[in-house]
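Got your viewer open and ready? Let's walk through a few selections together.

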Amino acid sequence: MAMHWDVFLDQIQERGEYETRAEADRAARTVLGLLGAHLVGEVRAELAARLPETFALILLNPLQAAEPLSAERFVRATAAWIDGATEQTAAWDVGAVLSVTADAAGDELVRRVLLQLPPGYDLLFGRPQSGASFAASAD
């Protein structure tokens with residue numbers, strides 16, 4: 001079942017320590033737009049189904065990515081899309097949005113999402129995989 005819009009944004013606002021809901025909304029739209037470009041098929045559709053409709057549509061109609069971005073480049077891309085953001089503030093934005101998204105998705109779906117992403121995204125989702133990132137990068 002999809003998380004309610006108010007609950008989703010309230011949790012992002014709390015985790016991101018944003019002063020306004022508008023700041024949380026801006027971060028969510030940017031991060032989910034970039035994330036959607038990295039997910040495909042059933043996994044993207046299932047994740048969208050767990051999000052409020054507004055954010056589900058953003059995930060399903062993502063910003064364009066020419067290639068899969070490493071976790072570090074994902075943070076840099078987020079910074080580029082948010083006016084006045086630095087890599088540090090973008091990392092904060094990504095962590096707030098993706099950790100709430102992970103809560104909405106549940107562990108099983110997050111595991112499948114992470115399988116579609118380059119190593120390092122487990123940390124962005126607030127779900128560190130003991131040794132998983134290292135093992136995936138060693139392949």
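Helices here are DSSP runs (H or I, at least four residues), numbered from the N terminus. This is a predicted model, so local features need pLDDT of at least 70 and side-chain atom pairs pLDDT 80 or more, while totals for chains, interfaces and linings use all residues. Residues count from 1 along each chain as its sequence is written, and side-chain values use heavy atoms, with hydrogens and water left out.

Now show side chains on α7 itself, residues 107–115: L109, V110, V113 and L114 are the buried ones (under 20% relative accessible area; exposed is over 50%, partly exposed in between, with a 1.4 Å probe and protein chains only). They span an arc of only 140 degrees around the axis, so they sit on the same side of α7; the arc is taken from the directions from the helix axis to the C-beta atoms.

Next, pick α3 (41–49) and α4 (53–60), whose axes come within 8 Å and cross at roughly 165 degrees. The two helices are therefore roughly antiparallel (over 145 degrees). R44, A45, L47 and A48 of α3 make the contact with A56, L59 and L60 of α4.

Last stop: E17, in the loop between α1 (5–16) and α2 (21–36). Its phi is near 55 degrees, a positive value in a residue other than glycine. E17 is exposed, at 62% relative accessible area.

Conventions. Axes are lines fitted to C-alpha atoms, for helices over the stretch in contact, and angles run from 0 to 180 degrees between N-to-C directions. Angles under 35 degrees count as roughly parallel, over 145 as roughly antiparallel, 65 to 115 as roughly perpendicular and the rest as oblique. Contact means heavy atoms within 4.5 Å.
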